[in-house]
Amino acid sequence: MDDRGKGEGMFGMRKAWERDLGAAADQLVSADTLAFGGVGIANTLLPVTEAYHRVEAALADHPEEVRRQLDRVLADGTPAGRAYAATLLERLDPAAARAAWTSLRDDPTEFTTFVGCVMGRDTLGNYATQRLAAA
């Protein structure tokens, strides 16, 4: 029998996922662009899109910690960061996501969006209103 269940073994692994999740959420807090897939002709994933996918990947295994991080991004994030957080919240807690989108629909702050090669600008309020209408 090994010692992974005790002491440093499991603890060290847990710390690694927590650090990665926290770092990914930090990137969402400061996001200036909203893009869920590759952008531009090269279809490149932006670092913030990769961070979004890392948080998304943690949903199944660590829902409580993901929720704490999403609440932090909603509270402290840029408009693009809050849009990422509310989008992820849809998968975790649809009622909380609706409440988040509702609270964001009057926000006039603009951010950059990418859908494939097409770069655009939108307000957080308009984006939230569209998400609410699509739900």
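## Ground rules

This is a predicted model, in which local features need pLDDT of at least 70 and side-chain atom pairs count only at pLDDT 80 or more, while totals for chains, interfaces and linings use all residues. Residues are numbered from 1 along each chain as its sequence is written, and side-chain values use heavy atoms, with hydrogens and water left out.

Helices (H or I, at least four residues) and strands (E, at least two) are DSSP runs, numbered from the N terminus.

Let's start with H3. It takes in residues 63–76, 14 residues in total. From its first C-alpha to its last it reaches 20 Å, close to the 20 Å expected at 1.5 Å a residue; that expected span is 1.5 Å times one less than the number of residues.

Which residues of H3 are buried? They are Glu65, Val66, Gln69, Leu70 and Val73. These residues sit on the same side of H3 because they cover an arc of only 135° around the axis, the arc being that of the directions from the helix axis to the C-beta atoms. Turn to the other side of H3 and you find Glu64, Arg68 and Ala75 exposed. As for the cut-offs, buried means under 20% relative accessible area, exposed means over 50%, and partly exposed is in between (1.4 Å probe, protein chains only).

Strands count as paired if DSSP finds at least two bridges between them. S1 and strand S2 (residues 110–115) run parallel and are joined by two bridges. Here Thr33 stands opposite Thr112 in S2.

S2 also pairs with strand S3 (residues 118–123), this time in the antiparallel sense and over six bridges. Val115 stands opposite Val118 in S3. The hairpin of S2 and S3 has two residues between the strands, and Gly116 takes a positive phi near 65° there.

## Aromatic pairs

How many aromatic pairs does the structure hold? There are five. Rings of Phe, Tyr and Trp (its six-membered ring) pair if their centres lie within 6.5 Å; planes under 30 degrees apart count as stacked, over 60 as edge-to-face and the rest as tilted. Take Phe36 and Tyr84: the ring centres are 5.5 Å apart and the planes are at 75°, so this pair is edge-to-face. The pair links distant parts of the chain, with Phe36 in the loop between strand S1 (33–34) and helix H2 (47–58) and Tyr84 in helix H4 (residues 79–92), 48 residues apart. Phe36 counts as partly exposed at 29% relative accessibility, whereas Tyr84 is buried at 0%.

Next come Trp101 and Tyr127, whose ring centres are 5.8 Å apart with planes at 55°, so the pair is tilted. It too links distant parts of the chain: Trp101 is in helix H5 (residues 94–104) and Tyr127 in helix H6 (residues 124–134), 26 residues apart. Both Trp101 and Tyr127 are buried. Back at Phe36, that residue forms one aromatic cluster with Tyr52 and Tyr84.

## Salt bridges

The structure holds 10 salt bridges, each a side-chain nitrogen of Lys or Arg within 4 Å of a carboxyl oxygen of Asp or Glu. Glu18 and Lys15 make one of them, at 3.6 Å from N to O. They are three residues apart in helix H1 (residues 8–29), which means about one helical turn separates them. Glu18 is partly exposed at 21% relative accessibility, and Lys15 is partly exposed at 33%.

Asp26 is partly exposed at 42% relative accessibility, as is Arg72 at 28%. Glu110 belongs to strand S2 and Arg121 to strand S3, 11 residues apart. Glu110 is partly exposed with a relative accessible area of 45%, while Arg121 is exposed with 51%.
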